[in-house]
Amino acid sequence: CTKISSCKKMRKKRLELKRQILEILGAASDGFEILLATKRYQRVLAHEGLAGNRRVVAERRRHEMATRMYTLKRSELIKERRAGNRIRVTLTPNGRLRLLKLRIASSPRLGSSEAIFVAFDFPISQGRARNAFRHLLKTSGFEKIQQSLWRTRRDVRKPMNDLLALTNARKWIRVLRTVDE
C-alpha cells in the first residue's frame, strides 16, 4: 500500500470478506457446503453474499449430476426416455447387475462367528456363466474354499438372492448362512 487510505480500504474489504466467510461457516454447521476454492466463488460471495454462494453451489450440483448421468448413459448402465417435459431414467440389465455387484461388495459385516457360504454347480454347457460367477465372487471379497464353494463374512443374502433372481441361476446356486458355536 502506498497511501494510508487505500490500505484501510483493503483491510476493510478483507474484514468484510472474513465476516462473510464466518457467516458461511455458521451455515455450514447445518450441512451447507462451502466452496471457496476458486476466484468465482470469492467474487460471488463478495458481490451477492451467502445467497449467491448457495446459487453457485446449486449450479455446481446440477452440473455434477448431469455429468454423472451422461457417464452412466454412455456406459449403457441407464436408459433415458423423454415423455413431454419429463425424463424417465431406468436401469439397463447391465446397470442392475452392476448395482447388485456394488451392493454385494458393500454389504455390512456379520458377527465374528457367522459366515455366508455360496455353493454352486453349473452344468458343463454353462462354463462362461460359471467363470463369470466365480469372478464376481472373487471381486466381491469372497474367499475360495473349493472351486465351487466360497465364503464371506458379509451379510450378502439379500443382494445375492436379488442377483440370482435377475440371472435365472437359482437352480445352480445356494446361499447358506452358518453360525459357529
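Arg 177 has a relative accessible area of 42%, so the residue counts as partly exposed. Keep in mind that this is a predicted model.

Which residue does Arg 177 pair up with in a salt bridge? The partner is Glu 114, and the closest N and O atoms are 2.4 Å apart. Arg 177 sits in strand β6 and Glu 114 in strand β3, so this pair ties together parts that are 63 residues apart in sequence. Is Glu 114 buried or exposed? Glu 114 is buried, because its relative accessible area is 17% and the cut-off for buried is under 20%.

A search of the whole structure turns up 5 salt bridges. Here are some of them, including the one just described:

| Salt bridge | N to O distance |
|---|---|
| Arg 177 with Glu 114 | 2.4 Å |
| Arg 157 with Asp 155 | 2.8 Å |
| Glu 80 with Lys 73 | 3.6 Å |

What about the exposure of the other residues in the table?

Now zoom out to the strands. What is the strand order in the open sheet? The 4 strands run β4-β5-β3-β6, and their pairing is antiparallel. At the edges you'll find β4 (143-146) and β6 (173-179), each of which pairs on one side only. From one strand to the next, the twist averages 25°.

How many bridges join β3 to β6? There are 7, with β3 covering residues 114-120 and the two strands running antiparallel. If you want one to click on, go to Ala 115: its bridge partner in β6 is Thr 178.

## Helices on the sheet

Helix α4 (residues 127-139) packs on the sheet, where it touches β3, β5 (149-152) and β6. The direction of α4 makes about 165° with that of β3. Helix α5 (residues 157-167) lies across β3 and β6, and runs at about 170° to β6.

On the way from β3 to α4 there is a loop, and Asp 121 has its place there. Is Asp 121 buried or exposed? Asp 121 counts as exposed, because its relative accessibility is 60% and the cut-off for exposed is over 50%. Asp 121 is also worth a look for its distance to Ile 173: the two are 52 residues apart in sequence, but 6.6 Å apart in space, C-alpha to C-alpha.

## The largest pocket

Last stop: the largest pocket, which holds about 280 Å³ of space. It is lined by 16 residues, and the closest to its centre are Leu 97, Ala 129, Ala 132, Phe 133 and Thr 167.

Which helix gives the largest share of that lining? That would be α4, with 6 residues. At least two lining residues come from each of α3 (93-105), α4 and α5.

Definitions and conventions. Residues numbered from 1 in each chain as written. Predicted model: local features only at pLDDT ≥ 70, side-chain atom pairs only at ≥ 80, totals over all residues. Heavy atoms only, no water. Pairing = 2+ DSSP bridges. Axes fitted to C-alpha atoms, helices over the stretch in contact; angles between N-to-C directions. Contact = heavy atoms within 4.5 Å. Buried < 20%, exposed > 50% of the residue type's maximum accessible area, 1.4 Å probe, protein only. Salt bridge = Lys/Arg side-chain N within 4 Å of Asp/Glu carboxyl O. 1 Å grid on protein atoms, 1.4 Å probe; cavity = no way out; pocket = protein on both sides within 12 Å on 5 of 7 lines; lining within 4 Å. Points joined across faces, edges and corners; volume = space filled by probe spheres on them.
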